[in-house]
Structures are given as C-alpha cells and as structure tokens.
Amino acid sequence: MKRPRQPLFHARQGYRRRRLTDAARLLPILGLFLFFLPVLWRPAATPEPDTAGGGVYLFAVWFILILVAGLLARLLSGGEPGRPQDGEERD
C-alpha cells in the first residue's frame, strides 16, 4: 500500500497569514530605517541640512507607517481558520 502523498504546497490562507505576520514584525525595522534615512542625506547647495524637507519626510513616513500598520492589523484580525470568532460557538 502506498501512503497518500503530502500536498506540495501549504494551504493558501495559512501561508498568507504567516506572510502578513512576517510583514507586521518587519514593519518597525523598516520604520526605523526610514526614520534614520535623512541622516544620510547630503545638503543640496548649502552646508546646512534641509530641515523643512526632512520634517515633511518624517511626518509623511510616520503617516504611511500608521496606515500600513492599520491595514496589517485589519487583515490579521480576521482570526485563524477553524477557530471560532468572538460570539460564535463551536459545534
């Protein structure tokens, strides 16, 4: 008798959930890198740093990180397949 073959790929929903979790874990590291990126900028024509452009950049990155974190939280709050949601009962 032959054993049934294992599926070649993982279930899509579980795989996507793990990738979303990975993205949520990497988001603070990406944010830290993006926040410190203006330190590496060179001034265009003056020896003084461009603080106005850097400030706008930091607030834009901050806003985008908030939006991405909210999106990831919404996608991850769907619950795991097979587990009952709040208010649902198991059969």
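This tour moves through the structure one selection at a time.

The model is predicted, so local features are described where pLDDT is at least 70 and side-chain atom pairs where it is 80 or more, while totals for chains, interfaces and linings use all residues. Residues are numbered from 1 along each chain as its sequence is written, and side-chain values use heavy atoms, with hydrogens and water left out.

**The whole chain.** Begin with the chain coloured by secondary structure, where you will find 2 helices and 0 strands; helices (H or I, at least four residues) and strands (E, at least two) are DSSP runs, numbered from the N terminus. Of the 91 residues, 9% count as buried, a word that here means under 20% relative accessible area, with exposed meaning over 50% and partly exposed lying in between (1.4 Å probe, protein chains only).

**Helix 2.** Select residues 51-76, a helix of 26 residues that reaches 37 Å from its first C-alpha to its last, close to the 38 Å expected at 1.5 Å a residue; the expected span is 1.5 Å times one less than the number of residues. Its buried residues are Gly54, Tyr57, Val61, Leu65 and Leu72, and what covers them includes helix 1 (12-36).

**The core.** Next select Leu27, Tyr57, Val61, Leu65 and Leu72, the 5 residues of the largest nonpolar core, which is a set of buried Ala, Val, Leu, Ile, Met, Phe, Trp, Tyr and Cys residues joined through side-chain atoms within 4.5 Å. Helix 2 supplies the largest share of this core, 4 residues. Stay on Tyr57, which touches Leu34, Leu37, Pro38 and Trp41 when residues up to four places away in sequence are not counted; such a contact means heavy atoms within 4.5 Å.

**The salt bridge.** Now move to helix 1 and select Arg19 and Asp22, which both lie in that helix, 3 residues apart, about one turn. They form a salt bridge with their closest N and O atoms 2.8 Å apart, the term meaning a side-chain nitrogen of Lys or Arg within 4 Å of a carboxyl oxygen of Asp or Glu. Arg19 counts as partly exposed because its relative accessibility is 37%.

**The nonpolar patch.** Finally, select Leu32, Phe35, Phe36, Val39, Leu40, Leu58, Phe59, Trp62 and Ile66, which make a nonpolar surface patch of about 970 Å². Patch residues have over 30% relative accessible area and no salt bridge, with like charges joined within 9 Å and nonpolar side chains (Val, Leu, Ile, Met, Phe, Trp, Tyr) within 5 Å. Helix 2 gives the most to this patch, with 4 residues.

Notes: Accessible areas come from the Shrake-Rupley method with a 1.4 Å probe; for residues, only the protein chains shown count as cover.
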